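Thanks, everyone. Let me put the model up, and then I'll go through some side-chain contacts.

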Amino acid sequence: MAGRPNRSASLQTAPLRAVEPDPAAVSLDKVKAILAPLDRAQKSKLFELVQAGHLEDDQMTVEVGRLIVAMLNGPRTEHARRIWTGWFDPVMLRTDQLMLAESRPPGCMHVVDASAWWFALLPHLRELAGRVQSDIATRASEHPLDRVLASPAAADWAEELRVRSLTVLRQRGVAGPLLATANSERLTLLRKRGLAGVAPLSMSDLAMLDSMLEHAPMWKGMVRPRETIGILHAVSEMAEHGSPDGAMHYALALINGSRDPDQALALHGMSPSPALVEAAVGHVQFGWQCLRQKLEDLHLGRPAPPQLTAGETVDRLQERAFRWYDALQGFGVERGGRNWAAVSAAVGRVTGLVEGEVVPVLSHRLLTLNASTSARPLIDPVRFINGFNHRLRRRGIAASTNPWLTAIGEHLAALFRQIGAYGREDALSTMADLCELAEEAGYPIEVTAIDKTLLGIAERALRDGRELNAGESRLIERVVTVATEERRRCRWWVSGELVSLLDAAQQRGIGPTPQ
């Protein structure tokens, strides 16, 4: 009778042996652990040393070299796309703000746009892209990808891709399907980037792609200059030795990257162009859009996309908006002119928002301020509105002289007296904030020498010896000033509270020295 195999016997006759680890693999793991903390430059230097034969073992030289290459190159695999989009590196936007512009300035080629155009062109470049991909991948298995992409072979591939792309773009009937595919691919890329509400690419963007590919050899490998002199020199050289159209693409890209009206004015002064005027109007619109959406976010609970302002403060956004507005005259954009309607609409939306929504919201918060809430968070918003209206008036744009109701001043003054009467430990700082807020609102709170409660609060703060903040110091100085004037006016009799306050002030070195 056949029975089951005796497994225990077979195990006994073939004892288990521990598998010895491969020494080479162990060594490479140790090398990888040592290399991991190093930065890219250090890894590149080590690769050079390995290639120069500083390892005695030839096999380890090969293995360590491949390990460093793998660490340097990482997971990047779309080499053909990288070579093609490399044509736009000197003119490409990588920050997302302008992608959210309601009226995007001309010359914007964002990294997402370039990728979308590549995917739209790819079906027409399939065989060529495959050969490029295979060749670069083979080279990148032995050498750092950055060096491979900077090699003459990569330059040849890039040129062939550029020329083939222009051929595709100029074929009859291809524009519509190409644009539709690009926009479809772009939506996916935008979602990955967390961008919503971005205007789709248009036929003018397709024409810009064609023109940029045509002139891309002009700026290939250029580093964007930072100083205005460098920008003017670079654009001038391109216009003189290349093409005015290519130079203008480059100039617009620099303006879109810096968003600096002074640089735009300098370029326009060197070579006046309708494209630069259009760019200036676009940046004015965008600057005021950013300010509007930031105000909506801060005061009205309408969240602005975080990419729109990239963490910039409302004061910084206001400064940029007015700088672009002030620069318009240098571009020949005058009130009532051809481009003025777009500018006026952008500014009008902000002024309407401030007058119609932001000021009423802040006014309500001011009128409902009570003894248990702090006045401090309202000081900066009120100050901002005042400064904003002052800037408008200086430029001849209608703005109310004081948007804050008289009832606000009355309410803050009453609250000031109420806080003093409560005898709170934080009375001085709270009253100082109220004074600062009331002054910003245009209704300074009166401080008198007959307010014995206020005199007592000020004296206690002086005698405590603690460090006073700026607001507290200003309020105490006001109190000491009116007390000093009262003492001079009434030489024969003043209250004991007033005398005691002036004595405490003298000890702290505040106020005039008594005669």
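This is a predicted model: local features need pLDDT of at least 70, side-chain atom pairs count only at pLDDT 80 or more; totals for chains, interfaces and linings use all residues.

Residues are numbered from 1 along each chain as its sequence is written, and side-chain values use heavy atoms, with hydrogens and water left out.

Aromatics. The whole structure has 8 aromatic pairs. A pair means rings of Phe, Tyr or Trp (its six-membered ring) with centres within 6.5 Å; planes under 30 degrees apart are stacked, over 60 edge-to-face, the rest tilted. Take Trp-288 and Phe-322: centres 5.0 Å apart, planes at 70 degrees, so edge-to-face. Trp-288 sits in helix α15 (residues 274-300) and Phe-322 in helix α17 (residues 314-327), so the pair ties together parts 34 residues apart in sequence. Helices here are DSSP runs of H or I, at least four residues, numbered from the N terminus. Both Trp-288 and Phe-322 are buried. Buried is under 20% relative accessible area, exposed over 50%, partly exposed in between, with a 1.4 Å probe and protein chains only. Trp-288 and Phe-322 also belong to one aromatic cluster with Tyr-325, Trp-340, Phe-384 and Phe-388.

Now charges over a ring. The criterion is NZ of Lys or CZ of Arg within 6 Å of the ring centre and within 35 degrees of the ring normal. Trp-87 has Lys-220 over its face at 4.6 Å from the ring centre. Arg-162 lies over the face of Trp-87 too, at 5.5 Å.

Salt bridges next. How many does the structure hold? The count is 34. Each is a side-chain nitrogen of Lys or Arg within 4 Å of a carboxyl oxygen of Asp or Glu.

Asp-262 bridges to Arg-323, closest N and O atoms 3.0 Å apart. That pair links distant parts of the chain: Asp-262 is in helix α14 (residues 261-270), Arg-323 in helix α17, 61 residues apart. Asp-262 is partly exposed at 47%, and Arg-323 is partly exposed at 31%.

Glu-436 pairs with Arg-376 at 3.1 Å between closest N and O atoms. Glu-436 is buried at 14%; Arg-376 is partly exposed at 38%.

Last, Thr-401. Where is it? In the loop between α19 (376-394) and α20 (406-422). At 70% relative accessibility, Thr-401 counts as exposed.

Terms used. Helices (H or I, at least four residues) and strands (E, at least two) are DSSP runs, numbered from the N terminus.
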